[in-house]
Amino acid sequence: MTARDLIAESAEGVLTLTLNRPERLNALSDDMLDGLVEQLRTVEQDTVAVIIRGAGRAFCSGHDLKHAAAQGPLNTVSARAVAQRMQRVAHAMRECRVPIITQVHGYAIGGGAEIALSGDIVIVDEECVFQFTEASVGRVVTNGFTNLLPRTVGPVRAKSLLLMGRPLSGAEAASWGLATEAVPGTGLEIAVNGAVQVLGEQSAWAVGAAKNLVNRGLQASFEATIDLEIGAAIEAELGADAESGAQSFART
């Protein structure tokens with residue numbers, strides 16, 4: 001990874017990952033994708049939150065198609081490697097025990113939209129633009145969004161996004177349930193800092209457990225989800241956070 005592609009900064013329990021190719025609207029490079037995976041898989045246990053954001057005028061304009069064209073035609077093996085590199089980011093975001101906040105402004109296009117909307121907490125500029133442009137360039141989404149979008153916005157809206165490349169504003173993304181909060185651009189960083197503060201007031205163990213249960217529950221039956229919750233509840237009751245929380249409540 002080059003420092004130019006991805007900047008990682010840790011301060012006061014927050015790991016901030018900045019996509020840093022502003023001259024290309026933060027188009028995704030191999031180094032950037034690999035760097036995201038590396039950082040997310042090695043997050044310190046005392047980290048309150050991870051913030052993913054973009055430098056310059058956009059969050060991320062998606063895959064660097066100019067670079068891809070220069071590489072020439074792909075074969076089955078190389079095409080699979082390209083798709084899997086992107087999917088490793090999705091897996092790393094999902095498996096990271098620490099909550100991930102995506103801070104979205106400007107444009108989040110193609111793979112950039114996939115990363116932005118994969119955050120646990122998605123805080124967006126109400127005027128930013130999401131767009132899945134894969135179909136217009138003969139590609140498909142690769143981060144499970146053919147599963148996620150219909151579940152979240154319904155199949156009709158999902159098809160308008162994936163088949164027709166319908167642009168979606170930040171305000172619409174929030175109203176459709178794809179973003180946690182849409183705010184004026186001037187208030188974006190304030191909203192993100194507010195979310196970090198709230199997360200810092202929670203039990204880190206419980207936050208991580210809740211994230212894991214939600215993610216696993218999406219792929220499980222109701223009965224299986226209940227069993228997962230029972231296991232987590234037992235672990236929670238035996239943990240130090242539950243004991244200290246109960247003692248604090250008893251003193252109020």
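Q: What makes both faces of β4 count as covered?
A: I100, T102 and V104 on one side are buried, and so are I101 and Q103 on the other. Buried means under 20% relative accessible area, exposed means over 50%, and partly exposed lies in between (1.4 Å probe, protein chains only). Please keep in mind that this is a predicted model: local features need pLDDT of at least 70, side-chain atom pairs count only at pLDDT 80 or more, and totals for chains, interfaces and linings use all residues. Residues are numbered from 1 along each chain as its sequence is written, and side-chain values use heavy atoms, without hydrogens and water.

Q: Why is β4 called largely enclosed?
A: Five of the five residues of this strand are buried, so β4 is largely enclosed by the rest of the structure.

Q: How do you know that β4 pairs with β6?
A: Two strands pair if DSSP finds at least two bridges between them. β4 and β6 (residues 121-125) have four bridges and run in the parallel sense, so they pass. Here V104 stands opposite V124. Strands are DSSP runs (E, at least two residues), as are helices (H or I, at least four), numbered from the N terminus.

Q: What joins β3 to β4?
A: Four bridges link β3 (residues 49-54) to β4 (residues 100-104), and the two run parallel. I52 in this pairing stands opposite T102 in β4.

Q: Why are β1 and β9 called edge strands?
A: The open, mixed sheet has six strands in the order β1-β2-β3-β4-β6-β9. β1 (6-11) and β9 (181-183) each pair on one side only.

Q: Why is the pair of F132 and F145 called tilted?
A: Phe, Tyr and Trp rings (for Trp, the six-membered one) pair if their centres lie within 6.5 Å; planes under 30 degrees apart are stacked, over 60 edge-to-face, and the rest tilted. F132 and F145 have centres 5.7 Å apart and planes at 45°, so this pair is tilted. F132 lies in the loop between β7 (129-131) and α5 (145-153) and F145 in helix α5, so the pair ties together parts 13 residues apart in sequence. Both F132 and F145 are buried.

Q: What makes a set of residues a nonpolar core, and how many residues has the largest one?
A: A core consists of buried Ala, Val, Leu, Ile, Met, Phe, Trp, Tyr and Cys residues joined through side-chain atoms within 4.5 Å. The largest has 45 residues, and V50, F59, I115, F130 and F132 have the most contacts inside it. Helix α1 gives the most to this core, with five residues. A second, separate core of 14 residues includes I51, L188, A195 and L199.
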